[in-house]
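Please keep the structure open while you read.

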Amino acid sequence: MLLKSLIMLAELISTKDWSETSLGKVDLWPESLKLAISISLNSGFPIAIYWGADFTLLYNDAWSSIPGDKHPWALGKSGAEVWPEIWEGLQPEFESVLQTGESIRRPDALLLMNRFGYVEECYFDYTLSPIKAADGTIGGVFNAVIETSYRFINERRKKLLHSLLLANLSRSTSDILPIIKHILEEAGDDITFFLLFKDAPGDVHPHVDAKKSNGLLLAGSDVNQNLVDAPWPVPNIDSHESSKYIGDLSQFASTPMFSCFGEQCKEAIVVPLSSINSKINGYLVLGANPRKRLDQDYQQFMESVGLHIGTILHNSYSFEQEGLFEREQAMNEELAAANEEISSTNEELQQSQASLHILNEELERRVAYRTKALVESEARLQSMIMTSPIGMAVFRGRNLVIEMANKPMLQIWSRKREEVVGHELLQIFPEQIGQPFLKMFEDVYETGISISVSEMEVSINTLDGLKKIYVDFQYSPLYDADRNIEAIMASVINITHVVEARKRLEDSEQEQQALNEELAATNEELAVSIEELAISEQKKDEFISIASHELKTPLTSIKAFNQLMQRTKDEQRLKGFIEKSAEQVYRLEMLINDLLDVTKINAGKMIYNMEPFSFSKMVAASVETAQHISSSHQVILENNEDVHYTGDHLRLEQVLHNFLSNAIKYSPHGERVIVNSRVEMDNLVVSVQDFGIGIEEKNLDQLFDRYYRVDNTAMRFEGLGLGLYISSEILKRHNGSFWIESEPGKGATFFFRLPLQPDKKITPQINTATFYQDDHIKISYNNENKTLDVDWIGYQSFDTVQNGGMTMLEMLKVNHCSKVLNDNSNVLGSWSEAADWAGNVWFPMMEKAGLKDFAWVYSQSMFSRLAAEKSVDIAVGNVTTRFFTDVPAAEEWLNSR
Ligand code: ADP
């Protein structure tokens, strides 16, 4: 059954002929193996099981993608057969788990696997845990695994792109090339070799020809001439080809290139260097890692490398241009100095008429020179801006009139030249009001210092709506001849694609991280569920042995009485034997009924006949029957309120019968059992009190679990540990609850409660921002102490606890309150069914809403106290919770906070 219930791999496993493998026939497999298979098949995480001395492999559906093409062949093969290329490294780990029983965990372990016909660089997070059989021996290894290749390799590639981004500083080409070379050589895992060719701008080649064009700019140290001279194909920009893929390198180079793994490099890619202004300034040839498929991700990464290097080279080009510009500025300064010189010369002129003529000539010559220099400088500036591959524009005056803007700049703006030139910046881009650029322009005007900012987010209004882009930019002042700032030059690079690519990588990294955490959690859950399964298996075994014993006892008695009946002739004695034998038959019947009930509850097939009946008559009849059966105890019915109730008569009688027979059974020296049945606040509350052995507090809340018997009673009293479990199920189906008060050695009182109006809605009597009241709770905001004072009243159900809790939450928020006085002293009965909700859902919400200090005043009921501790114990966080037995102490503590 275990093997048949599940899908796909379950089917493969169940239909395979295992008799030919070292595992042998399925029927003979040990329970621990079957259990491990069942857990793995039920899990959505990749799990493999390696069983026995040869580590025979079994796995689940999620794992089946890990061996690639080897699935399904791998099922039932030994570890050494499935993983010949890595088994030597793995075997010692597997052996060690088998021998020591200790788990092993390996994060991001490199395994070179042959899964798709080539040896691939793969990374895995995996755990190896022992699978223990019932007798403690270790039969195999449980291997939960998640492939981390994608994250690991992406991280490595991201590092390379990041180094390139950092290298993107203003430097001259000759300075920057060795830096690029160093970065690419460091990235040998992803880039086996590289060649960087520079093309003369405007030169269009069908392929890169190192000898014909400006030639090789850069190459990895170990690249041979063969590769340098190869006729590399180039991507066709016109048909939007962003790179050229080369699947067989041997066509280009007769001497092969070897990767850092010592394998021959077979694939490469040619990417253009920068196409920001649609001009290609060079090409980059990148050799791929032979141990990784050149898939779309890999290709995009290579293209990003090209884009980054292109940008760096453009920047260094503009940097060199800027050098020229500085020389022009120096010339302007020289002219200004000349002006001063001229004015002083004028003074001299007044003194010496004789030299006037010569000086005049000199002056004219200098003015002519200055005018020519200015015109040339302006022309050079204009040409530099218009041909620059990065976005450039000039803004004149304080109102930022756009005087010039080149094509890349217009592309960034999504505007035509005639739409912008001659207009003020804010007329064209009113959305810039409130964005930080205007202030930067002003700063440059005020200080004369250039401003450079990288990776800035900008919103630009386009025909398609507001567009968000990322830019690196610089604002520099332009001076007039008098050294006043007359305009500002902006240089802008659109790096949106780089930032978005990086963000995607970061997202995928986060996803991976989340997956890893989930895996760790699942691993833990798996470990817990294996343990729980083992425990429940053990409990079941114990139960079967108890049940057999319990069933055998009356049977043995019946057999004995039967023999006696056969032998005896005495009528009187015969009658006695028949009666005794009938008692044992009754006992047997009760045991079998309990067993049948539990089976019905488990299968959800317990049928309830809800009908109105006289509850008080039922109570009286049950008490009478109990008294009839037990002569040792006096069963006293103290109160029996006359009430009609709608429910399953026989099942509720069964509950009461169970409480009564337990009270008698577990008080062998007690003489009385006291029963009360009353109506309290629209609830029927029944109690059965005995003066017997009692129950310790620590055992209280498990009593209603299946098969649960308090240890020290199990040996002394007969029973299956099913009665209270069945009772609790019956009560739940009547929307009722139960609780126990007990003192060990003094006795126990078992209570149950049935609501007389289960569908009654909770209606608030008062409901304001500072005060709320209904039948079950009163909440008031105490403005003086800044506390929320909460008084829970009477019997509570899941609904009343939930309603009260949510109202508290609302009022806490509205009044910006952080302290709560949660008074339970007026609570009756138990509200334990809401404890999980309170702990897992409500308390964390309260914390989020600002709760800091929580004073909990216990109710009288021990059972309720257990629920209280459970409700806050489960929560983790910054709230300080204290339990109190009286309100004044709780108030004092809260006021001191
Ligand atoms: P059973 O009596 O057949 O063992 P129940 O489910 O009726 O099963 O009870 C579960 C356990 O609760 C008992 O084994 C016993 O340990 C404890 N118990 C039940 N009623 C009482 C009682 N009145 N006093 C002390 N312990 C009790």
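The report below covers the ground rules, a helix, the cavities and a pocket.

## Ground rules

This is a predicted model, in which local features need pLDDT of at least 70, side-chain atom pairs count only at pLDDT 80 or more, and totals for chains, interfaces and linings use all residues. Numbering runs from 1 along each chain as its sequence is written, and side-chain values use heavy atoms, with hydrogens and water left out.

## Helix α13

Helix α13 spans residues 437-447, and its buried residues are Phe437, Met440, Phe441, Val444 and Tyr445. They cover an arc of only 140° around the axis, so they sit on the same side of α13; the arc is taken from the directions from the helix axis to the C-beta atoms. Buried here means under 20% relative accessible area, exposed means over 50%, and partly exposed is in between (1.4 Å probe, protein chains only). Helices (H or I, at least four residues) and strands (E, at least two) are DSSP runs, numbered from the N terminus.

Turned away from that buried side is a face with the exposed residues Lys439 and Glu446. The buried residues of α13 pack against β13 (391-396), α12 (425-428), β15 (451-462), β16 (465-479) and β17 (485-494), where contact means heavy atoms within 4.5 Å. Just after α13, Gly448 has a positive phi of about 75°.

## The largest cavity

On a 1 Å grid over the protein atoms alone, a cavity is a set of points where a 1.4 Å probe fits but cannot get out, a pocket is an open set with protein on both sides within 12 Å along at least five of seven lines, and lining residues have an atom within 4 Å of a point. Grid points are joined across faces, edges and corners, and a volume is the space filled by probe spheres set on the points.

The largest cavity has a volume of about 230 Å³. Among its 18 lining residues, Met409, Trp413, Phe437, Val458 and Tyr475 lie nearest its centre. Helix α13 is one of the elements that supply at least two lining residues, while β16 gives the most, with four. The lining has 17 nonpolar, one polar and no charged residues. Ala, Val, Leu, Ile, Met, Phe, Trp, Tyr, Cys and Pro count as nonpolar, Asp, Glu, Lys and Arg as charged, and the others, Gly among them, as polar.

## The second largest pocket

The second largest pocket has a volume of about 1200 Å³. Its lining holds 14 nonpolar, 14 polar and 15 charged residues, and Arg753 and Glu833 are among those nearest its centre.
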